[in-house]
Amino acid sequence: MSARATETPEHPKTSEAATSSASPGSPASPASPTGRPSSPGRPPGLTLVSHDGTPYRFDPGALCLELLPTGGPGALARYEVLHEPADLVAWAARSRLPEGLEVAVSESEVRRVREVRDALLLLTADRAHGRPQRPEHLDALNEAAAEPPLVSRLTPDGTRAWAPGATGTHLLSTVARDAIDLFSGPHGHRVRECAAHDCRLLFVDTSRPGRRRWCAMEHCGNREKVRAHRARGRLTESRPPARSTTEG
Ligand SMILES: [Zn+2]
């Protein structure tokens, strides 16, 4: 773990939040149904698994934000899924990057990706909560973006392919540049944290109305509906019997 990660007491996540909404153990396993590689026509996003084992789709809205549920600093370190090069290769295959990327990743590149991811996570959380962006996080992001990115190619049949020789450093640069585009672009002010009290998943709301509140309607949105319904039920039970309006 990087020193930066342990020096961040204000990290907004709790272990409870990470357990319930982004338990990264499942997405990491190539054998699990959540480890499917990208396929054409599949909507972008990740398959996460709730604490009770129910899978759900979470589309954070940007490539760079897809890296964040893979772990994190502080208490999130125990949910780390990027342990070795194969883990990063698997993440790239599940991400919204176009298919066909063959990337060679070294151990040191995995460590670097974890460090930059942790900085990006804190940067994104600060952004979502209107806090100032911290220089050390910006430096980490900008240094990663300064490396050459992945290179795409147009094939004779008009499809897109990846240039050979891609590395983990190129991949990280592409992710970092995506974050710079996101934060400085038209949706930069729409970076948010899920509105559920126990979920800290981060996303960008790219919808036209701009009213997205949940990481996923099928997960936190529904949990919140159930909670609100129960709260209304309790309220009704605790109320005295309704009196006729003519009495009052
Ligand atoms: Zn949520």
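Leaving aside its neighbours within four places in sequence, which residues is L141 in contact with? The list is V116, A119, L120, L123, A176 and A179. What you're looking at is a predicted model, and its secondary structure comes to nine helices and eight strands. Here's a quick tour, topic by topic.

**The chain as a whole**

- There are 248 residues in the chain, and 36% of them count as buried.
- Take the contacts between residues at least 6 apart in sequence: 64% of those join residues at least 24 apart.

- The average pLDDT of the chain is 83, and 78% of the residues score at least 70.
- At the other end of the scale, residues 1–38 stay under 50 in pLDDT, though the model does give them 83 contacts beyond four places in sequence.
- Residues 244–248 are also below 50, and that stretch has one contact in the model beyond near neighbours in sequence.

- Buried in helix 7 are H137, A140, L141 and A144.
- Looking down the axis of helix 7, you'd find its buried residues within an arc of 95°, so they line one face of the helix.
- What do those buried residues of helix 7 pack against? Their partners are helix 6 and helix 8.
- On the face of helix 7 turned away from its buried side sit the exposed residues P135 and D139.

- In helix 5, the buried residues are D87, L88, W91, A92 and R94.
- Those residues are on the same side of helix 5, because they cover an arc of only 165° around the axis.
- Helix 8 runs over residues 168–184, which makes 17 residues.
- From its first C-alpha to its last, helix 8 reaches 24 Å, close to the 24 Å expected at 1.5 Å a residue.
- Helix 8 is mostly covered, with 14 of its 17 residues buried.

**R127 in helix 6**

- You'll find R127 in helix 6, which spans residues 107–128.
- Is R127 buried or exposed? R127 counts as buried, because it has 22 C-beta neighbours inside 10 Å, and the cut-off for buried is 20 or more.
- Not counting residues up to four places away in sequence, R127 touches Q133, F183 and V191.
- R127 and R190 are 63 residues apart in sequence, yet their C-alpha atoms are 9.1 Å apart in space.

- Strand 1 (residues 46–49) pairs with strand 2 (residues 55–58) in the antiparallel sense, over four bridges.
- Within that pairing, V49 has P55 as its bridge partner in strand 2, and T47 has R57.
- Five residues lie between the two strands of this hairpin, and G53 takes a positive phi near 90° there.

**P164 in a loop**

- P164 is in the loop between strand 5 (160–162) and strand 6 (166–167).
- With 9 other C-beta atoms within 10 Å, P164 is exposed, since the cut-off for exposed is 12 or fewer.
- P164 and L150 are 14 residues apart along the chain, and 9.4 Å separates their C-alpha atoms.

Note on methods
Residues are numbered from 1 along each chain as its sequence is written. This is a predicted model: local features need pLDDT of at least 70, side-chain atom pairs count only at pLDDT 80 or more; totals for chains, interfaces and linings use all residues. Two residues are in contact if their C-beta atoms, placed from the backbone, lie within 7 Å. The expected span of a helix is 1.5 Å times one less than its number of residues. Two strands pair if DSSP finds at least two bridges between them. pLDDT is the predictor's confidence in each residue, from 0 to 100. The arc is that of the directions from the helix axis to the C-beta atoms.
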